[in-house]
Amino acid sequence: MNDIHSIQYLRGLAAFAVVFFHISEQFGGPFTVGAAGVDLFFVISGFIMWVTTVGRPVDPQRFMWRRIVRIVPLYWIVTLLTALAIFVKPQFLFGHVLSPANLVGSLLFFPIVQNGSLHPVVIQGWTLCYEMMFYAIFALSLLLGEKQRFAVLIGVLTAMVVLNLLLLKGYAQAFTSPIVLEFAAGIVVGRLWMNDVRLQFVLALSLVVGGFLLLIVVQMLDPEMPRVLRWGIPSMLIVAGAVFAERARPFSPMALLTFFGNASYSIYVWHVLVVVVVTGIILRLGVPPSGQPASIAFVSIAISAGLYLIVEKPLTGLLKPLTRQKPATG
């Protein structure tokens, strides 16, 4: 995936968007569309899972083990640190829910459900619950041939959304949210990519521009439109346009943008906790109100990206040997 530079750039952009959204929300700002970074992540995830598993033998158990090793350790670290911060300074983490049941549930990707939505200790961790569910479904699909796998994945994700319309409650309602169709959208783009579909550069670039315009216009015209339509479709257009534009006109990667793509998981999972700390420091330093949002965003992203170098990258290197061996079965 490192050879598709546009995907790395979009991962970094998605992480930035979510950070800006949370800071804007903190200050009562208007950048609601920044939350669409999550939808962009989901489409990218579907794309990556398909592209990295087609045309090669992939053991389902090893696939799932690699995803666990990649996602879980850092998430557990941030969850435990967030829980400690809530326990010590609950007033600084308003809206977070800390209880023994939610802590254990968050670590297992089954946090409490509030108003039909997942609400883990790390509030942005709800997306990782969907990611882990998607990985489990994808791992099972690896037992099938590629043609059957595509049909089954799209069919299962669609069927889940149909079940959601039956007014389910609790976890059944939360985990069948229409947002899972964004994984399917990424799979469709990935299949087209692996089938060597090609678009003219201008057309592909138009998809990217059109996707970003849709994000802005639809949010302004109909902010109550279902999320999978309001942000999912534009995200699919952006991802498809970006990868096909790169195929039509390859380019050399920019080191800084590639770095932020690599650091996107750390930026995403650390940023809420980091923003709380940075906000306290910025206020204590007496930064004028007009400069606070930008200062908090810049410093928080810098620190979160630094934590990629200090925590995630060494941790990944330490655990990498575990991904090369098939986990023992009973």
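User: How many of the residues of H2 are buried?
Analyst: A helix here is a DSSP run of H or I at least four residues long (a strand is a run of E, at least two), numbered from the N terminus. Buried means under 20% relative accessible area, exposed means over 50%, and partly exposed is in between, using a 1.4 Å probe and protein chains only. H2 is largely enclosed by the rest of the structure, because the buried count is 16 of the 16.

User: Before we go on, where does residue numbering along each chain start?
Analyst: This is a predicted model, where local features need pLDDT of at least 70, side-chain atom pairs count only at pLDDT 80 or more, and totals for chains, interfaces and linings use all residues. Side-chain values use heavy atoms, leaving out hydrogens and water, and residues are numbered along each chain, as its sequence is written, from 1.

User: Back to helix H2: how far apart are its end C-alpha atoms?
Analyst: The expected span of a helix is 1.5 Å times one less than its number of residues. H2 covers residues 36-51, so its 16 residues should span 22 Å. The distance between its end C-alpha atoms agrees with that: 23 Å.

User: Which residue forms a salt bridge with aspartate 39?
Analyst: A salt bridge puts a side-chain nitrogen of Lys or Arg within 4 Å of a carboxyl oxygen of Asp or Glu. Here the closest N and O atoms are 2.9 Å apart, and the pair links distant parts of the chain, helix H2 and helix H10, 188 residues apart. Aspartate 39 counts as buried because its relative accessibility is 0%. Its partner, partly exposed at 24%, is arginine 227.

User: In which helix is the glutamate that meets arginine 70?
Analyst: Arginine 70 and glutamate 312 join their side chains in a salt bridge, 2.9 Å from N to O. This pair also links distant parts of the chain, 242 residues apart, with arginine 70 in helix H3 and glutamate 312 in helix H13. Arginine 70 is partly exposed at 24%. Glutamate 312 is buried at 4%, and its helix, residues 292-323, is H13.

User: Which residue is linked with Asp196 and Arg198 in a network of salt bridges?
Analyst: The structure holds 4 salt bridges, and one of them joins aspartate 196 to arginine 198 at 3.2 Å, N to O. Aspartate 196 is partly exposed at 43%, while arginine 198 is exposed at 53%. The network also takes in Arg247.

User: At which residue does H3 bend?
Analyst: The bend at a residue is the angle between axes fitted to the seven residues ending there and the seven starting there. In H3 that angle is about 30 degrees, and proline 73 follows within four residues. Even so, the 29 residues of H3 (60-88) should span 42 Å, and the end C-alpha atoms are 41 Å apart, which agrees. The bend is at valine 72.

User: What is the area of the nonpolar surface patch that includes Leu205?
Analyst: Patch residues have over 30% relative accessible area and no salt bridge; like charges are joined within 9 Å, and nonpolar side chains (Val, Leu, Ile, Met, Phe, Trp, Tyr) within 5 Å. Areas come from the Shrake-Rupley method with a 1.4 Å probe, and for residues only the protein chains shown count as cover. Leucine 221, in helix H9 (201-221), is exposed at 71%. Together with Leu205, Val209, Leu213, Ile216, Val217 and Met220, Leu221 makes a patch of about 700 Å².

User: Is asparagine 115 buried or exposed?
Analyst: Most residues other than glycine have a negative phi. Yet asparagine 115, in the loop between S1 and strand S2 (117-119), has a positive phi of about 55 degrees. Phenylalanine 109 also has a positive phi, near 65 degrees, and is buried at 8%. Asparagine 115 has 84% relative accessibility, so it counts as exposed.

User: What distance separates the C-alpha atoms of proline 253 and histidine 5?
Analyst: Proline 253 sits in the loop between H10 and helix H11 (255-262) and is partly exposed at 43%. Along the chain, proline 253 and histidine 5 are 248 residues apart, but their C-alpha atoms are separated by 6.1 Å.
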